[in-house]
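This report describes a ligand site and a domain interface. The sequence and structure come first.

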Amino acid sequence: MKALVQRRYGTAVLGDLDVPVPGEGEVLLEVRSAGVDMGTWHLLSGKPYLVRVLGFGFRGPKSPVPGRDVAGVVKETGPGVTEFAPGDEVFGTCEGSFAEYAVAAVSRLACKPRNVSFAEAAAVPISGGTAVQGLRGVRPGQRVLVLGAGGGVGSYGVQIAKALGAHVTGVCSTAKVDLVRALGADEVVDYTVEDFTGTYDLVLDCGGNRKLSRTRRALTPRGTLVLVGAENGGALTGGFERALGAAVLNVFVAHRLVPLMSAERADVFDELRVLIEAGKVRPPLDREFPLSEGLAAIDYVHSRRSRGKVVVTI
Ligand SMILES: NC(=O)c1ccc[n+]([C@@H]2O[C@H](COP(=O)([O-])OP(=O)(O)OC[C@H]3O[C@@H](n4cnc5c(N)ncnc54)[C@H](OP(=O)(O)O)[C@@H]3O)[C@@H](O)[C@H]2O)c1
């Protein structure tokens, strides 16, 4: 099969690999589309260096193929699989979706939403799943602030918070203001012009790496700060110490400070399927790249030019 092959950190080339064989609880997918997110860049580059000690490969990437988000058709089922049958259209995550075929655990797959394309479905799992988990507990009428609202996680964050009945303020740079407004944000703040003001019941922090003290000033007395991530945190830890600091501080303050480690799970993806089929969330697709331009797709996301989501179509 054709695949983007990464033998060492930093680069990948289009090559040929054997079609993988599904094991117990797994299926073989004919990949139609693969999602690209900042995590794809982290695992390709091996940066921040923390990812190498977190089990993704110390000297080189463990997975020979980049890409985790996937949408495709079940080709074959492994032993013990009862959830899916050949021909089923699914989306979720796997190891190595930048390829014609990939093996995925059924515990990380759900039925593809009927009303979107494979490309749109592949743009959902990690970013949408992170937003769903970060916004748990939001109630109608609450005020939610989304930092990085024009990015992958933030663009779902705006839509899901609106679906939960919140009043949503999105923070982004100038080029993404119209997108964030179109996603349904009640207010949009262009951080290159002015910084956000006001107080919020929940802040979903997906960009900017602001100091905890700055973001906490925007919380109501018992408000919640969900730390998703940011890209300007240094090559060694990528800003992980901010999440660690929040976890420690959380013990001593009335605010809830939550460093988020999102889970890739079938039930979360199914929750997203329901929201999408109900028309409450639309995958915000920016660009599709062919597999031969997989590296360019990753670079486009890393350059911060992408608005919403990017996918590689096989
Ligand atoms: N914790 C987890 O489980 C988890 C899961 C998924 C992703 N992540 C991490 O979360 C972060 C966001 O992921 P993503 O996929 O959404 O990345 P993304 O698509 O690059 O979006 C991040 C957004 O933040 C914006 N931004 C940058 N500086 C900002 C600032 N000062 N104020 C407001 N917005 C700012 C960026 O563009 P503009 O500057 O042009 O507005 C961009 O749109 C990444 O670091 C990713 O690795 C963590």
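A polar backbone atom of leucine 260 lies 2.7 Å from a nitrogen atom of the ligand. The model is predicted: local features need pLDDT of at least 70, side-chain atom pairs count only at pLDDT 80 or more, and totals for chains, interfaces and linings use all residues. Residues are numbered from 1 along each chain as its sequence is written, and side-chain values use heavy atoms, with hydrogens and water left out.

| Residue (backbone atom) | Ligand atom | Distance |
|---|---|---|
| Leucine 260 | nitrogen | 2.7 Å |
| Serine 262 | oxygen | 2.8 Å |
| Glycine 148 | nitrogen | 3.3 Å |

Taken alone, the ligand exposes 900 Å², of which the protein buries 88% (Shrake-Rupley method, 1.4 Å probe). The ligand is surrounded by 25 residues, the closest being Val153, Ser173, Tyr191, Glu231 and Leu260 (a heavy atom within 4 Å).

The chain divides into domain 1 (2-124 + 283-313) and domain 2 (128-259), with bounds from an automatic or database domain assignment. Their C-alpha centres lie 26 Å apart. In contact are 14 residues of domain 1 and 21 residues of domain 2 (heavy atoms within 4.5 Å). Between them the domains bury about 1,300 Å², 54% of it on carbon and sulfur atoms (accessible area lost on being put together, 1.4 Å probe, summed over both). In domain 1, Leu50, Pro284 and Arg307 lose the most area to domain 2, together 39% of what that side buries.

One salt bridge is counted between the domains (a side-chain nitrogen of Lys or Arg within 4 Å of a carboxyl oxygen of Asp or Glu). Arginine 307 and aspartate 178 also meet through their side chains in a salt bridge, at 3.0 Å from N to O.

Notes. Buried area is the accessible area (1.4 Å probe) that two parts lose on being put together, summed over both. A polar contact is a pair of N or O atoms within 3.5 Å; within protein, one must be able to donate a hydrogen and the other to accept it, and residues adjacent in sequence count only if both atoms are side-chain atoms.
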